[in-house]
Amino acid sequence: MTQSPVREQEAPTPRLNYGPEVQRLRAGFASDRTRTLAWRLEQLDALQRMLKEQEQHFLDALHEDLGKPAMEAWVTELSNVGGDITHARKHLRGWMKARRVKTPIFGQPGRSWTRAEPLGVVLVMSAWNYPLQIALGPLVAVIAAGNCALIKPSELAPATSALLARFIPDYLDPDCFSVVEGAVEETTALLRERFDHIIYTGGAAVGRIVMRAAAQHLTPVTLELGGKSPCVILPDAKLEVVARRVAWGRFMNAGQTCIAPDYLLMDAETEARFLPLLKQELEGMFGRDAQQSDSYGRIVNQRHFERLQALMRGENIAMGGASDASDRYLEPTVLSGVAADSPVMQEEIFGPLLPILRVNGLTEAIDHIRSGDKPLAAYLFSGDSEQLKRFEELVSAGSMCLNDVMMFSAVADLPFGGVGESGMGSYKGEDGFLNFSHRKAVMARTQLKDPALRFAPYAATKFALLRKLRG
Ligand code: NAD
């Protein structure tokens, strides 16, 4: 056979190769030290120490990245992760215990149990909006479950990313943890490697890229995505309480919170009573000029700033609307009489805009919510227990808060995660521990001689007896 004169074009050699780094972590995992309770507690303690000793560095970085006020950053990022660590430390011994299950007569004498075993090396890809919490919250569960991890912080929060890359190797077992900084090129190269689990937090478009890459290696994924989280306010709700909670939840971190109420649903009469109360709360929190307030954050970058400006265009601004591009400042803004098919209702806002969609009653609100993708969170304010129960039963969402917003995320024993378009899998508490473990099924028998029943030849008498035993 003569050789074809046309040589097949060779695939370009990728510039970046994280194979050796993943192999190094794999060797750390193969040492088996991550399986012990002592190692896991040590790593959790070290993480807690890092948060305490480097607190000021992290607060400064969060301010640099997102203009985060120190108290907000401490509550939602450092203390949030610290709470998860304390909780995991307290319960880890119990979570790691084998769990006995009943062994049926066919398995007697014998015992059966499940044991949660670590998976191996986990890739943690985090987002920029809570750049510390979203990198380290999942890491707590990853460590609790006895895994090694490669952490890829978000390049859109560069100051925090740099600190994680600097401090994690100093505090955690360097054979088992490493940080890779970078953007799309680095992430693409990382995703070529085989991991034992990938947890990704961010938008659904990249979520699909991550899942496709993971499929090449049959790697399980946890996707922490977003969506339009609805907040229904019924006429009987205590509106002064609602206004304060909604103002806090929507405008914290300048609206860049995945579980923030994305839009409100209520009737016209309730809206008329609600708006002045919301205005009062916003002024109470951020003053008459939020740009001067040191309790109010900034939009992460110019691209998002312009995206938000475009979403406001043509809408009826009931409150706010001022902006300053040079400062990436966008005033807390409320949009009234928004149409269900307007651009601001088509995508997650992820900024300090709050549209109000008019609905008449809970049924109409539920129908609207159920006509769209399943959200990451759903909220209802009402004093009527029947309505609260209906909402809880009929609305599917990653999480739900009745008569408040976002506070479920501070409950250590509640899983945190999405459903459908808002994600899959969860972390926090025991659910997080199990998410990064394999529950191995184990059965142990004795070596006593067996009765003939289960073995060939399959005589009719054996068959009849088996049927009888099964009942
Ligand atoms: P993103 O999806 O743009 O980026 C997240 C990560 O993906 C980054 O580390 C980035 O480097 C990487 N990336 C970006 N493009 C890539 C590509 N083409 N190939 C490979 N990797 C790529 O993040 P975003 O959309 O700006 O994040 C905002 C979204 O994240 C919102 O929808 C929000 O609701 C969601 N979010 C969810 C949670 C949660 O816990 N469920 C928390 C925070 C944010």
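The entries below follow the order in which I consulted the model.

**Entry 1. Basis**

I worked from a predicted model, in which local features need pLDDT of at least 70, side-chain atom pairs count only at pLDDT 80 or more, and totals for chains, interfaces and linings use all residues. Residues are numbered from 1 along each chain as its sequence is written, and side-chain values use heavy atoms, with hydrogens and water left out. I took helices (H or I, at least four residues) and strands (E, at least two) as DSSP runs numbered from the N terminus.

**Entry 2. Helix packing**

Two packed helices are described by the angle between their axes and the distance between the axes. For the axes I used lines fitted to C-alpha atoms, for helices over the stretch in contact, with angles from 0 to 180 degrees between N-to-C directions. I sorted the angles as roughly parallel under 35 degrees, roughly antiparallel over 145, roughly perpendicular from 65 to 115, and oblique for the rest. Contact means heavy atoms within 4.5 Å.

I looked up helix 2 (residues 37–53) against helix 5 and found an angle of about 160°, with the axes 9 Å apart. The two helices are therefore roughly antiparallel to each other. On the helix 2 side I noted R40, Q43, L44, L47, M50 and L51, which meet L136, L139, V140, I143 and A144 in helix 5. Nine residues of this contact are nonpolar, one is polar and one is charged. For these classes, Ala, Val, Leu, Ile, Met, Phe, Trp, Tyr, Cys and Pro count as nonpolar, Asp, Glu, Lys and Arg as charged, and the others, Gly among them, as polar.

I then turned to helix 9 and helix 10 (residues 268–286), which pack at about 55° with their axes 8 Å apart. Helix 9 and helix 10 are therefore oblique to each other. Helix 9 passes helix 10 in a right-handed crossing; a crossing is right-handed if the near helix is turned clockwise from the far one by less than a right angle, and left-handed if anticlockwise. Among the contact residues I recorded W248 and F251 of helix 9, and F274 and M285 of helix 10. By class, this contact has 13 nonpolar, one polar and four charged residues.

Helix 12 (residues 361–370) and helix 13 (residues 385–394) pack at about 15°, and their axes lie 11 Å apart. That angle makes helix 12 roughly parallel to helix 13. The crossing of helix 12 past helix 13 is right-handed. L362, T363, I366, I369 and R370 of helix 12 make the contact with Q387, R390, F391 and L394 of helix 13. I counted these residues as five nonpolar, two polar and two charged.

**Entry 3. Cavities and a pocket**

Rolling a probe the size of a water molecule over the atoms shows where empty space is left. On a 1 Å grid over the protein atoms alone, a cavity is a set of points where a 1.4 Å probe fits but cannot get out, while a pocket is an open set with protein on both sides within 12 Å along at least five of seven lines; lining residues have an atom within 4 Å of a point. Grid points are joined across faces, edges and corners, and a volume is the space filled by probe spheres set on the points.

How many cavities of 30 Å³ or more are there? I found two. The largest cavity has a volume of about 80 Å³, and its lining includes D84, W95, G137, K428 and F433. Helix 4 (70–96), helix 5 (133–144) and helix 14 (429–435) each give two or more residues to that lining, which has six nonpolar, four polar and two charged residues.

The second largest cavity holds about 40 Å³. I listed W95, K97, R99, T114, R115, A116, L434 and R439 as its lining. Strand 2 (residues 110–118) gives the most, with three residues.

Of its 26 lining residues, T76, N80, M406, S409 and A410 are the closest to the centre. Helix 4 gives the most to this lining, with six residues.

**Entry 4. Backbone**

Most residues other than glycine have a negative phi, and most peptide bonds are trans. I noted a cis bond joining Q108 and P109, with omega about -10°; P109 is in the loop between strand 1 (99–101) and strand 2. A further cis bond joins A456 and P457, with omega about 0°. A254, not a glycine, has a positive phi of about 50°, and A254 lies in the loop between helix 9 (239–251) and strand 9 (263–266).
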